[in-house]
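Colleague: I would like to go through some of the labels used for this structure. Please set each value against its definition.

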Amino acid sequence: MNAIATGHEDLIHDIAYDHYGRLLATCSSDQFIKLFTRVVPSAEWTLLSSFKAHDANIFSLSFAPPQYGLLLASCSEDQTVRVHSSIDNGHTFAKIATLSDSGGPVHQVAFAKFGGHGLKLACIGADGVVRVYHAADPADLRQWHLAFEKVVDKDGLLSTGVAARDLQGDFAVDWCPSGTVRASWFTYELGIDMDDVELPRVDRLTIAELAVEQFVASSMSKVVVFRKRLNGGIYEYEPTEELPGHTDIVRDVAWASNASVGGRYELIATACKDGWVRIFKLTTRRMGGVPATEYRNGGAGTVSGNSEIGADEDDLGYEVELLDQFDHHKSEVWKVSWNFSGTVLSSSGDDGRVRFWRAAYTGKFVGLGVASAEQGSNDEMDD
């Protein structure tokens, strides 16, 4: 494990990697964003650029999917989300948009990971409202449309509409990497394995078109899945499943890629002030309607273009199960993050350690290792 001399003059609140893991961005209370590049083969990180991005503490960063160029979103205590663009591989950044609809400090921002429905980002802050913005014209990323906003927390903790400065609170948001609730139902009913290398490309594209946008948001101790559904002839995001059991403020949420499980279910991890890391399993509910065989169009392995016969969108959803939980940090947990394939979870807490977890063959998670800035990395998990 290599230490990075960031040069920040105050507390670092967040880090973000680009899609390829070649660039690392950091943000701080010093109001600066710094970008580092990885040097091969030494694996050391060197400063690429540094710029003042906000007028107050910067809390969160997110890179856009690579097909939209080098875009970086940030959010701050100054109540804004800002989008920065670079045309020289990260050496310099220019602010191209400022989103200022929040009624308080913005705690977290996240670009949509599933790029099939255009460039979108979600944010949430101290007003307890999750907002989704859409860049309607990919050729002009200066223009962003506020497509959705809704209060997540309605349990009285935000009695004034915005968390008071003396009220400790936190808010987080993360997108589903693949948007697969409808596609996973469809493949399950048909007995289709998306990992089958012989599955025709047209079938993969048909199934991909069935994907539904969804994200998870937390406000105080409440964690809710939002999914895009048809409402009165208009598609909009609606709160659906709730992830229960948190006894204190939720600090972070992370939605795993389901590539490792073939789309059969989803995993969402949460980090909580009560000292627990929790992993929730979201399994697609089976639906009634036309039998799966009637979706077939000809020979096996061919998907009918009329794939939604007998499917009621209101019935598409998840059964939520607390798959695993652990309190090894013995202190407040602040961050959770999945690796690219959704097979390894990392968590960090007030114990000053990053802990790694991997799913065992039983489906439960086991400790994979521990890392700390003072001691480097260890292969064994301590109790």
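What follows is a short exchange about labels and the values behind them.

Modeller: This is a predicted model, in which local features need pLDDT of at least 70, side-chain atom pairs count only at pLDDT 80 or more, and totals for chains, interfaces and linings use all residues. Residues are numbered from 1 along each chain as its sequence is written, and side-chain values use heavy atoms, with hydrogens and water left out.

Colleague: Why is cysteine 123 called buried?

Modeller: Buried means under 20% relative accessible area, exposed means over 50%, and partly exposed is in between (1.4 Å probe, protein chains only). Cysteine 123 has 4% relative accessibility, so it counts as buried.

Colleague: How do you know that cysteine 123 is in no disulfide?

Modeller: A disulfide is a pair of cysteine sulfur atoms within 2.5 Å. By this rule the count comes to zero disulfides. For cysteine 123, the nearest cysteine sulfur belongs to cysteine 75 and is 7.3 Å away.

Colleague: Why is lysine 330 called exposed?

Modeller: The relative accessible area of lysine 330 is 61%, so the residue is exposed. Its phi is near 55 degrees, a positive value in a residue other than glycine.

Colleague: Why does aspartate 248 count as partly exposed?

Modeller: Aspartate 248 has 27% relative accessibility, and therefore counts as partly exposed.

Colleague: What does aspartate 248 touch, not counting residues up to four places away in sequence?

Modeller: With contact meaning heavy atoms within 4.5 Å, aspartate 248 touches Met220, Ser221, Cys272, Lys273 and Asp274. The C-alpha atoms of aspartate 248 and cysteine 272 are separated by 6.5 Å, although the two are 24 residues apart along the chain.
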